[in-house]
Amino acid sequence: MPHSQTSAPRDSRSGVRLARGASPWLLPTVAAAALSLTRARKSGRWAAAAVPTTALAAGMLWFFRDPEREIAQGRVISPADGVVQSIMPWKDGRTRVAIFMSPLNVHVNRAPLAGTVTSVEHIPGGFVPAFNKESENNERVVWHFDTELGDIEMVQIAGAVARRIVPYVPAGTKVEQGERIGLIRFGSRVDIYLPEGVEVAVEVGQATTAGVTRIDRD
């Protein structure tokens, strides 16, 4: 299947665009704000409605921002904006780094390494808050990448508000490190599993920036 991304992954331009997959939320709120502002001059009722609808539209534009970034150098970079929630050794020797994304973070996720997407699996589940331990059973999308470090697993986990995960690329797609690969609407979590022998460079509580923060250490 042909590559669906149109922007260069290593774009140094300053600027912000809107995330793909945001339209179902953005269009109704922006339309409502535009309508209320248009009619506000003729009606006090519409003028009163214009304040919350405009604020909501502005909030949606902020939530779904998708800034251009200069992609950092390193073997593994953060796939998500957020805060490192936990770092956990796994039974098979891998290390799971869980990144919690609040509603104020950028919601677009990026490829942690260059490689080929070998699978994109949607798994139905619940919608408890992403910081809750029970979020392990939430709705999620499990990604696998064939990379220079071998198979890399990344999991997008929906939260209490983020009830839709939007993958941008299908299995079989070759991606560059830092390339946009999907969107989680509102607060959520992204887990990345580092292969055995790869040392973690981040700490619990550390803020991360997708495409910028390095996750591993030489």
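Arg 189 is buried, with a relative accessible area of 3%. Buried means under 20% relative accessible area, exposed means over 50%, and partly exposed lies in between (1.4 Å probe, protein chains only). Asp 191 also counts as buried, at 2% relative accessibility. The side chains of Arg 189 and Asp 191 meet in a salt bridge of 2.7 Å, N to O. A salt bridge is a side-chain nitrogen of Lys or Arg within 4 Å of a carboxyl oxygen of Asp or Glu.

## The model and its confidence

This is a predicted model, in which local features need pLDDT of at least 70 and side-chain atom pairs count only at pLDDT 80 or more, while totals for chains, interfaces and linings use all residues. Residues are numbered from 1 along each chain as its sequence is written, and side-chain values use heavy atoms, with hydrogens and water left out.

The mean pLDDT of the chain is 80. Of its residues, 65% reach 70 or more. pLDDT is the predictor's confidence in each residue, from 0 to 100. Over residues 1–14, pLDDT stays under 50. For that stretch the model has 31 contacts beyond four places in sequence. A contact means heavy atoms within 4.5 Å.

## Further salt bridges

The structure holds ten salt bridges. One of them joins Asp 216 and Arg 214, with the closest N and O atoms 2.9 Å apart. Asp 216 is buried, at a relative accessible area of 2%. Arg 214 counts as partly exposed, at 25%. Salt bridges that share partners join Arg 75, Arg 214, Asp 216 and Asp 218 into one network.

Arg 217 forms a salt bridge with Glu 199, and here the closest N and O atoms are 3.2 Å apart. The pair links distant parts of the chain, 18 residues apart. Arg 217 is in strand E15 (residues 216–217), and Glu 199 is in strand E13 (residues 199–200). Strands (E, at least two residues) and helices (H or I, at least four) are DSSP runs, numbered from the N terminus.

## The eight-stranded sheet

Eight strands form an open sheet with antiparallel pairing. Their order is E10-E6-E7-E8-E12-E4-E3-E14. Strand E10 (174–175) and strand E14 (207–208) are the edge strands, and each pairs on one side only. Two strands pair if DSSP finds at least two bridges between them.

Strand E8 (residues 150–158) and strand E12 (residues 188–194) run antiparallel, joined by six bridges. Gln 156 has Val 190 as its bridge partner in E12.

## The three-stranded sheet

Another open sheet has three strands in the order E5-E11-E9, paired antiparallel. Strand E5 (108–110) and strand E9 (165–167) each have a single partner strand, so one side of each is left without a neighbour in the sheet. The twist averages 25 degrees from one strand to the next. Axes are lines fitted to C-alpha atoms, for helices over the stretch in contact, and angles run from 0 to 180 degrees between N-to-C directions.

E9 pairs with strand E11 (residues 180–184) over three bridges, in the antiparallel sense. Ile 184 in E11 is the bridge partner of Ile 165.

## Glu 68 in its loop

Glu 68 lies in the loop between strand E2 (65–67) and strand E3 (82–89). Glu 68 is buried, with a relative accessible area of 16%.
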